[in-house]
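Me: Walk me through reading a structure like this one. I would like the general idea first, then the case at hand.

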Amino acid sequence: MTAHDGFAVIRPTGRLTMVSAPQLRHAVDDLVGQGTPRVVVDLAATEFIDSSGLGSLIGALKATRLAGGDLRIAAAPEQVRTVLRLTNLDRVLRNHPSAETAFDAE
């Protein structure tokens, strides 16, 4: 996890599944609790995502929005983008080229 001007970046690695999804959700909850409701999940090193991983992203999105912020995703590999498209979540979680630019287009 790294901090930027006005937002934090979380970088999950490997597989975002029921084993690792709670870690992502807890990390976002901690950031929101510390007063950082603007979060980017950099998925560049995430090779696979399942329904639990998607659920953690949606839960994190809700938590950040309830706190007056937002959650963005960045650098999603093809497998992750495919899953987002198949579930129509690409309409809610738009992929940005990089974590650093995810909040530029506001």
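Me: Let us start with contacts. Which residues does Arg-65 touch, not counting residues up to four places away in sequence?

Reply: Contact means heavy atoms within 4.5 Å. On that test, and not counting residues up to four places away in sequence, Arg-65 touches Asp-70 and Val-92. Before going on, note that this is a predicted model: local features need pLDDT of at least 70, side-chain atom pairs count only at pLDDT 80 or more, and totals for chains, interfaces and linings use all residues. Residues are numbered from 1 along each chain as its sequence is written, and side-chain values use heavy atoms, with hydrogens and water left out.

Me: Where does Arg-65 lie?

Reply: Elements come from DSSP runs: helices are H or I with at least four residues, strands are E with at least two, and numbering starts at the N terminus. Arg-65 lies in helix H2. Arg-65 and Asp-42 are 23 residues apart in sequence and 18 Å apart in space, C-alpha to C-alpha.

Me: Is Arg-65 buried, exposed or partly exposed?

Reply: Buried means under 20% relative accessible area, exposed means over 50%, and partly exposed is in between (1.4 Å probe, protein chains only). Arg-65 has 46%, so it is partly exposed.

Me: And Leu-66: buried or exposed?

Reply: Leu-66 is exposed, with a relative accessible area of 79%. Leu-66 also lies in helix H2. Compare sequence and space: Leu-66 and Val-32 are 34 residues apart in sequence and 9.5 Å apart in space, C-alpha to C-alpha.

Me: Back to Asp-70. Which residues does it touch, not counting those up to four places away in sequence?

Reply: The list is Pro-37, Arg-38, Val-39, Leu-61, Thr-64, Arg-65 and Phe-103. Asp-70 is in strand S6. Its relative accessible area is 13%, so Asp-70 is buried.

Me: With which side chain does the side chain of Asp-70 make a polar contact?

Reply: A polar contact is a pair of N or O atoms within 3.5 Å; within protein, one must be able to donate a hydrogen and the other to accept it, and residues adjacent in sequence count only if both atoms are side-chain atoms. Here the partner is the side chain of Arg-72, at 3.0 Å.

Me: Now strands. In what sense do S4 and S6 pair?

Reply: Two strands pair if DSSP finds at least two bridges between them. S4 and S6 pair in the parallel sense over 5 bridges.

Me: How many residues of S4 are buried?

Reply: 4 of the 5 are, so S4 is largely enclosed by the rest of the structure.

Me: How do I read a helix, say H1?

Reply: Check its span against the expected one, 1.5 Å times one less than its number of residues. H1 (residues 21-33) has 13 residues and reaches 18 Å from first C-alpha to last, close to the 18 Å expected. Then look at burial: Ala-21, Leu-24, Ala-27, Val-28 and Leu-31 are buried. Down the axis of H1, its buried residues fall within an arc of 130°, so they line one face of the helix. The arc is that of the directions from the helix axis to the C-beta atoms. On the other side of H1, Gln-23 and Gly-33 are exposed.

Me: What covers the buried residues of H1?

Reply: The cover includes strands S2 (7-10), S3 (14-16), S4 (38-42) and S6 (70-74), and helix H2 (51-66).

Me: Which residues touch the most other members of the largest nonpolar core?

Reply: In soluble globular proteins, nonpolar side chains tend to be buried together. A nonpolar core is a set of buried Ala, Val, Leu, Ile, Met, Phe, Trp, Tyr and Cys residues joined through side-chain atoms within 4.5 Å. The largest one here has 23 residues, and Leu-71 and Ile-73 touch the most other members. S2, H1, S4, H2, S6 and helix H3 (78-86) each supply at least two residues of this core. Apart from it lies another core, of 7 residues, among them Phe-7, Val-40, Ala-74 and Ala-99.

Me: Last, backbone angles. What is phi of Ala-75?

Reply: Phi of Ala-75 is near 55°, a positive value in a residue other than glycine. Ala-75 lies in the loop between S6 and H3. Just after H1, Gly-35 takes a positive phi of about 90°.
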